[in-house]
Amino acid sequence: MLIAGIVALAIGTYTFRWLGPALRSRIRFPDRAKRLLEVGATVLLAALVAVETLPFTEGNVGAALPAGVLVAGVLAWRRWPLLIVILAAAVTTAGLRLLGVA
């Protein structure tokens, strides 16, 4: 049963990945729909970041993790390279935890 689920998800994933380039020239979205899709993707990503990094659960996340995400957000907003953004966030979080900021 588990193998069947994995195979079904793999087939679905590759089908979606193939359909994008295959149908790109056949389907035209209105400009308003394109803009809504772009904004929707940004909002979804921001919501995922917020849920994963802010202390919405009973566990204590502390200040180090949100500080690292804040540093990453500022650097990404300033259009720094992705590797630098990730490393700066990791160094910020690790450094604060090393200093005892939980």
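1. Helices, as named here, are DSSP runs of H or I with at least four residues, strands being E runs of at least two, and both are numbered from the N terminus. Thr92 is found in helix H4. The model is a predicted one, in which local features need pLDDT of at least 70 and side-chain atom pairs count only at pLDDT 80 or more, while totals for chains, interfaces and linings use all residues. Residues are numbered from 1 along each chain as its sequence is written, and side-chain values use heavy atoms, with hydrogens and water left out.

2. Helix H4 spans residues 82-98, and its 17 residues reach 24 Å from the first C-alpha to the last, close to the 24 Å expected at 1.5 Å a residue (the expected span being 1.5 Å times one less than the number of residues). After H4 comes Gly100, whose phi is positive, near 100 degrees.

3. Within H4, the residues Val85, Ala88, Ala89 and Thr93 are buried, where buried means under 20% relative accessible area, exposed over 50%, and partly exposed in between, with a 1.4 Å probe and protein chains only. These residues lie on the same side of H4, because they cover an arc of only 125 degrees around the axis, the arc being that of the directions from the helix axis to the C-beta atoms. The buried residues of H4 pack against helix H3 (64-77), whereas the face turned away from the buried side carries the exposed residues Leu83, Val91 and Leu98.

4. Thr92 is partly exposed, with a relative accessible area of 21%. Once its neighbours within four places in sequence are left aside, Thr92 is in contact with Ala67, Gly68 and Val71, contact meaning heavy atoms within 4.5 Å. Between Thr92 and Leu70, which are 22 residues apart along the chain, the C-alpha separation is 9.6 Å.

5. The loop between H3 and H4 holds Arg79, which has a positive phi of about 65 degrees although it is not a glycine. Arg79 counts as exposed, because its relative accessibility is 76%.

6. A search of the whole structure finds one salt bridge, defined as a side-chain nitrogen of Lys or Arg within 4 Å of a carboxyl oxygen of Asp or Glu. Side chains of opposite charge can pair when their charged atoms come close. Here Arg35 forms the salt bridge with Glu38, the closest N and O atoms being 3.6 Å apart. Both residues lie in helix H2 (residues 31-53), three residues apart, which is about one turn of the helix. Arg35 counts as exposed at 52% relative accessibility, while Glu38 is partly exposed, with a relative accessible area of 48%. From Glu38 to Ala102 there are 64 residues in sequence and 35 Å in space, C-alpha to C-alpha.
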